[in-house]
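Biologist: Please show me the protein. I would like to go through it with you, one question at a time.

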Amino acid sequence: GGTIIFMHKHGEWLHPQPRGSILSRVNNIFDFMQQPGITVSVPLEQIMNAFTNNESLFFRYAKNKSSRLCYITPLGLSDWYLGVVMPAATFGSEDTGITKDALALLYRILFLFMILTIFIIYREKCHAKKIYAANRMEREIIANIPGGVQKYTADRDFSYEFVSAGFASMAGCKNESETVTMFGGSFWNSIFEKDRKRVKKHILNSVSENKNIETTYRMLRKDGRIIHLLCNGSLSKNPRGQKSVCCVTLDISKIHESAEDLKMRNKMYEIATAEADIYIIEYSPENDSMHISQKCAQKFGLPFQIK
């Protein structure tokens, strides 16, 4: 009799084949066709191409002088294929029961096709729910990351693949798509022009050496204000081998302003102590060192700093 086989695009059987059947020894059509003692009328490569190109294929295979005809065709549902296997002798016979057998086989195909359709739809819905749940969890995690998240391709253009709502807010935009549009779809354009050459060189070197990325740069917001950012990220690769960079970005403008203010105050302090008629010696317990004012150092021939 005939056999109905449902297969995925990679050739795996949908369900185990009946025990004792020669199909039950393997779990996919490609391994089956390469078993010892089996001869096939078409090259294995042609069968593989049929699956790859979503095409139908008709061929004959034989084992132990038993010849069978096989017809494989795509179902048009989520990369599933239908295979119908019939003994070659059936089609070489004048038996009037062929019509009856063919109709019975057709009814089996239609019945199994309906079952398969329901199964595939159910499985795809479950898969979609899992994907939705995973994406929702990912969005919630990203939303709780301080600052913003950027993801861009690690190629010549460094095109944006994703920006978080937090990064959009830092850029002064209403949403993620407005942010990507404002920067022309490229990460390079988000970097203030005077910082771009330095940052680009650092990131490209880090990507070529598969190192983590850590850099600071300025960004021009939509409202015209310039902010200072700290960008920390790493390189990743998808199943197709395409590389991307994912970075957590923090607004460090206040820290930068505080550092600049402290630097200015220290400079003013140095000027004031250099002009005053006093000797000042400061001790720092953190690094076990002493700082000596300019006049004191000149008076006693000491260095400005002693460790």
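Biologist: What pLDDT does the protein average?

Modeller: pLDDT is the predictor's confidence in each residue, from 0 to 100. In this protein, 62% of the residues score at least 70. The average is 75.

Biologist: In which helix is confidence lowest?

Modeller: Helices here are DSSP runs of H or I with at least four residues, strands are runs of E with at least two, and both are numbered from the N terminus. Confidence is highest in helix 6 (residues 176-182), at 93. The lowest mean, 56, belongs to helix 4 (residues 97-143).

Biologist: Over which residues does pLDDT stay under 50?

Modeller: Where pLDDT is low, the predicted coordinates should not be read in detail. Contact means heavy atoms within 4.5 Å. The model has 2 contacts beyond four places in sequence for the stretch you ask about, residues 93-100.

Biologist: Which residues have the most contacts inside the largest nonpolar core?

Modeller: A nonpolar core is a set of buried Ala, Val, Leu, Ile, Met, Phe, Trp, Tyr and Cys residues joined through side-chain atoms within 4.5 Å. Buried means under 20% relative accessible area, exposed over 50%, and partly exposed in between, with a 1.4 Å probe and protein chains only. The largest core has 24 residues, and those with the most contacts inside it are Tyr152, Phe187, Ile203, Tyr217 and Met219.

Biologist: Which strands and helices each supply at least two residues of this core?

Modeller: Two helices do: helix 5 (165-170) and helix 7 (193-208). The strands are strand 7 (160-163), strand 8 (213-220), strand 9 (226-237) and strand 10 (243-251).

Biologist: How many residues does the second, separate core have?

Modeller: Met7, Met33, Ala50 and Tyr81 are among its members. The second core has 20 residues.

Biologist: Which residues form the covered face of strand 8?

Modeller: Strand 8 has two faces. Glu214, Thr216, Arg218 and Leu220 lie on the uncovered one. The covered face is Ile213, Thr215, Tyr217 and Met219.

Biologist: What is the bridge partner of Met219 in strand 9?

Modeller: Two strands pair if DSSP finds at least two bridges between them. Strand 8 and strand 9 run antiparallel and are joined by 8 bridges. Their hairpin has 5 residues between the strands, and Gly224 there takes a positive phi near 90 degrees. The partner of Met219 is Ile227.

Biologist: Which residues are linked with Arg218 in a network of salt bridges?

Modeller: A salt bridge is a side-chain nitrogen of Lys or Arg within 4 Å of a carboxyl oxygen of Asp or Glu. Asp195 and Arg218 meet in one, at 2.9 Å, N to O. This pair links distant parts of the chain, helix 7 and strand 8, 23 residues apart. The network joins Arg218 with Asp195 and Arg198.

Biologist: What is the relative accessibility of Thr179?

Modeller: Thr179 is found in helix 6. Beyond four places in sequence, Thr179 is in contact with Val163, Phe167, Ala168, Ala171 and Cys173. Thr179 counts as buried, at 0%.

Biologist: How far apart in space are Gly233 and Val248?

Modeller: Gly233 lies in strand 9 and is buried, with a relative accessible area of 7%. In sequence, Gly233 and Val248 are 15 residues apart. In space, C-alpha to C-alpha, the distance is 6.0 Å.

Key: Residues are numbered from 1 along each chain as its sequence is written. This is a predicted model: local features need pLDDT of at least 70, side-chain atom pairs count only at pLDDT 80 or more; totals for chains, interfaces and linings use all residues. Side-chain values use heavy atoms; hydrogens and water are left out.
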